[in-house]
Amino acid sequence: MNVPFLNLKAQYDTIGREVDQSIREVLSSCSFSGGPFVERFEAEFAHYCGCCCAVGVGSGTEALWLALLGLGVTAGDEVITAPNSFIATAEAISLCGAAPVFVDVDEDSYTMDPTSVEAAITSRTKAIIPVHLFGQMADMDPILDIANRHGIAVVEDACQAHGATYKGRRAGSLGVAGCFSFYPGKNLGAYGEAGCVVTSSPELAEQIRMRRDHGQARKYYHRMIGINGRMDGMQGAVLSTKLKYLDAWNEARRTHAAEYDRLLAGISPLTTPVEMSYGRHVYHIYAVRVPKRVLVMSALAAKGISCGVHYPVPIHLQDAYLSRGEKGRYPVTERCAEELLSLPMFPELTGEQIGYVAEQLKELTAEG
Ligand SMILES: *Cc1c(COP(=O)(O)O)cnc(C)c1O
């Protein structure tokens with residue numbers, strides 16, 4: 001049996017007609033860059049997240065970068081984040097001229113360990129970016145508490161957590177800003193590149209809106225240095241169409257995760273993901289921990305099962321950041337990089353496929 005890691009075609013097959021229609025509307029109105037389709041999506045997504053404002057941008061990386069710039073993060077500043085993430089989180093900090101300061105992650109949730117945050121704060125700390133990794137939110141209350149006591153902004157990297165909740169509140173709505181990616185493989189994916197910042201501060205939204213459009217408040221009158229960070233009209237239209245299905249897709253992911261959990265329970269060297277009691281996991285990634293991951297992964301591939309690794313090299317050990325000399329500083333993160341294996345996970349996965357993956361994985365781990 002063949003089980004792909006991800007199957008975007010299966011999803012397109014279920015909504016293709018509606019998507020095609022929405023793209024035709026953009027084509028016939030020629031609203032290609034920004035415009036009414038982006039504005040409609042911004043209103044819908046802000047409402048979905050429980051925020052007043054959303055600003056559509058070109059990618060999740062731009063969302064993070066523009067949010068930090070909007071908060072005034074600049075050269076000489078420090079921003080605390082987790083090294084167990086996609087590089088874009090740290091990159092956005094570096095692109096502001098600021099320095100990422102890493103703290104290790106929690107053993108169960110793989111997200112920022114709140115107990116390490118306070119010690120990382122200095123007089124130069126401007127913001128904290130918890131990453132809601134794999135679809136599960138970081139433990140926000142203690143992080144927000146520390147940030148409030150020190151007068152530091154919290155920006156959520158919610159690029160993997162569309163629709164996840166923390167004590168009933170949606171990802172993106174707890175910090176001063178929440179940053180989303182709509183990269184095609186994300187839980188809410190565009191048909192191209194796109195991203196978005198949600199916020200409950202109209203002033204911050206206005207800053208970001210200006211900066212994504214070359215710092216102009218009015219055409220050709222530039223108040224500040226910005227970038228071209230606008231969202232495409234077509235992506236706005238596709239995202240509006242797809243947003244209606246997000247909750248159902250997340251629910252399907254949760255059902256699949258529960259089935260994996262059930263089938264993989266009690267296989268001794270294997271650890272299944274932990275859903276923390278404070279929130280609702282949306283399983284962007286379903287990652288298990290296995291010793292000898294490389295062997296397991298290639299053996300599964302030989303059986304037709306494609307897996308992923310998120311991420312093989314933690315950010316502090318990437319060549320781009322290696323000069324920091326931090327090897328060994330974040331042991332949980334480094335262990336995650338060696339042991340985490342992401343199993344096939346997408347809403348259209350079938351029970352038969354899940355059963356096959358679990359069965360093969362069971363056999364392999366039992367053999368050692
Ligand atoms: C995908 C992702 C990003 C970057 O989003 P892009 O749209 O690819 O720029 C940032 N952070 C995390 C955690 C991500 O998963």
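L243 is buried, with a relative accessible area of 9% (buried means under 20% relative accessible area, exposed over 50%, and partly exposed in between, with a 1.4 Å probe and protein chains only). The place of L243 is in helix α8, where helices (H or I, at least four residues) and strands (E, at least two) are DSSP runs numbered from the N terminus. Leaving aside residues up to four places away in sequence, L243 touches F41, E44, F45, Y48 and L188, a contact being heavy atoms within 4.5 Å. The C-alpha atoms of L243 and Y48 are separated by 8.8 Å, although the two residues are 195 residues apart along the chain.

This is a predicted model, in which local features need pLDDT of at least 70 and side-chain atom pairs count only at pLDDT 80 or more, whereas totals for chains, interfaces and linings use all residues. Residues are numbered from 1 along each chain as its sequence is written, and side-chain values use heavy atoms, with hydrogens and water left out.

## The packing of α2 against α8

Helix α2 (residues 36-49) packs against helix α8 (residues 233-243) at an angle of about 40 degrees, and their axes are 8 Å apart; axes are lines fitted to C-alpha atoms, for helices over the stretch in contact, and angles run from 0 to 180 degrees between N-to-C directions. The crossing of α2 past α8 is left-handed, that is, the near helix is turned anticlockwise from the far one by less than a right angle. On the α2 side the contact is made by F37, V38, R40, F41, E44, F45 and Y48, and on the α8 side by G233, G236, A237, L239, S240 and L243. These residues divide into 8 nonpolar, 3 polar and 2 charged, where Ala, Val, Leu, Ile, Met, Phe, Trp, Tyr, Cys and Pro count as nonpolar, Asp, Glu, Lys and Arg as charged, and the others, Gly among them, as polar.

## Strand β8 and its neighbours

Strand β8 (residues 177-181) is largely enclosed by the rest of the structure, because 5 of its 5 residues are buried. Both of its faces are covered, with A177, C179 and S181 buried on one side and G178 and F180 buried on the other. Strand β5 (residues 153-157) runs parallel to β8 and is joined to it by 3 bridges, with E156 opposite G178, while 5 bridges join β8 to the antiparallel strand β9 (residues 195-199), where C196 stands opposite F180; two strands pair if DSSP finds at least two bridges between them.

In helix α7 (residues 202-211), L204, A205, I208, M210 and R211 are buried. The buried residues of α7 pack against β1 (53-57), α3 (60-70), β8, β9 and β10 (216-218).

## Aromatic pairs

The structure holds 14 aromatic pairs; rings of Phe, Tyr and Trp (its six-membered ring) pair if their centres lie within 6.5 Å, and planes under 30 degrees apart count as stacked, over 60 as edge-to-face and the rest as tilted. The rings of F102 and Y330 have their centres 6.1 Å apart and their planes at 80 degrees, so this pair is edge-to-face. The pair links distant parts of the chain, 228 residues apart, with F102 in strand β3 (residues 99-102) and Y330 in the loop between α10 (293-302) and α11 (331-339). F102 is buried at a relative accessible area of 5%, and Y330 is buried at 4%. Elsewhere, F41, F45, Y48, F180 and F182 form one aromatic cluster.
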